[in-house]
Amino acid sequence: MVDFDKDGDLDLFVGAADGFVHFYRNKGGLSFSLEVSIDLGKEGAPALTDIDKDGDLDLFAGKSDGKLYFVRTTSTEPLRFTPESSNFADIEAGSSSTPTFADIDNDGDPDLFVGEFRGGLHFYRGR
């Protein structure tokens, strides 16, 4: 959960086995509205970060093939996503990759961790 639309409440991105990542906007309290579904092929474990430092969150999704897919947020009003890469930074982390971002070295850039089905954890330092 993340405050994607910057309105003070937490919104929801959900990856599904059918390959879609669904964005549900929080309408207040426990009321969510499906805003968009992004087809990424097969499975999708979403993670969000402002990779291009333009003030909005961009979508990354780990996939069953171990690759990391990148979908840029090109507009928040109206909501628009643009697929950028089906193999971000040539990362192949093993089956069922699951990304997450954190700035662990406090340099202002998001660092990437990617978990995989067999229990491995891969680390990529942001630049």
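From the N terminus on, the elements of this protein run β-β-β-β-β-β-β-β-β-β, which comes to zero helices and ten strands. Helices (H or I, at least four residues) and strands (E, at least two) are DSSP runs, numbered from the N terminus. The radius of gyration is 14 Å, close to the 14 Å that the globule rule gives for 127 residues, so the protein is as compact as a globular protein of that length. That radius is taken over C-alpha atoms, and the rule is 2.2 Å times the number of residues to the power 0.38. Please keep in mind that this is a predicted model, where local features need pLDDT of at least 70 and side-chain atom pairs count only at pLDDT 80 or more, while totals for chains, interfaces and linings use all residues. Residues are numbered from 1 along each chain as its sequence is written, and side-chain values use heavy atoms, with hydrogens and water left out.

**Overall dimensions**
- The C-alpha trace spans about 40 × 35 × 25 Å along its principal axes.
- Of the 127 residues, 35% count as buried; buried means under 20% relative accessible area, exposed over 50%, and partly exposed in between (1.4 Å probe, protein chains only).

**Nonpolar cores**
- A nonpolar core is a set of buried Ala, Val, Leu, Ile, Met, Phe, Trp, Tyr and Cys residues joined through side-chain atoms within 4.5 Å.
- The largest one has ten residues: Phe4, Phe13, Val21, Phe23, Ile38, Leu40, Leu59, Ala61, Val71 and Phe81.
- Strand E2 (20–28) and strand E5 (58–62) are the elements that give two or more residues to this core.
- Apart from it lies another core of nine residues, among them Ala47, Phe60, Ala93 and Phe101.
- Beyond residues up to four places away in sequence, phenylalanine 4 touches Asp11, Phe13, Phe23, Leu48, Leu57, Thr73, Leu79 and Phe81, where contact means heavy atoms within 4.5 Å.
- Leucine 79, in strand E7 (residues 79–85), is partly exposed with a relative accessible area of 25%.
- Among the residues that leucine 79 touches, not counting those up to four places away, are Phe4, Phe23, Arg25 and Glu35.

**Salt bridges**
- The structure holds seven salt bridges, each a side-chain nitrogen of Lys or Arg within 4 Å of a carboxyl oxygen of Asp or Glu.
- Arginine 25 and glutamate 35 meet in one of 3.6 Å, N to O.
- Arginine 25 lies in strand E2 and glutamate 35 in strand E3, so the pair ties together parts that are ten residues apart in sequence.
- Arginine 25 counts as buried at 11% relative accessibility, whereas glutamate 35 is partly exposed at 32%.
- Aspartate 52 and arginine 72 pair at 2.5 Å, N to O.
- Aspartate 105 forms a salt bridge with arginine 125, their closest N and O atoms being 2.8 Å apart.
- Arginine 125 is exposed, with a relative accessible area of 52%.
- Salt bridges that share partners join Asp5, Arg25, Lys27 and Glu35 into one network.

**A lysine to look at**
- Lysine 63 lies in the loop between E5 and strand E6 (68–76).
- Lysine 63 is buried yet has no salt bridge, and the nearest side chain of opposite charge, aspartate 39, is 6.4 Å away; Lys and Arg count as positive and Asp and Glu as negative, with His and the chain ends not counted.
- Leaving aside neighbours within four places in sequence, the contacts of lysine 63 include Gly19, Leu40, Glu43, Tyr69 and Ser96.
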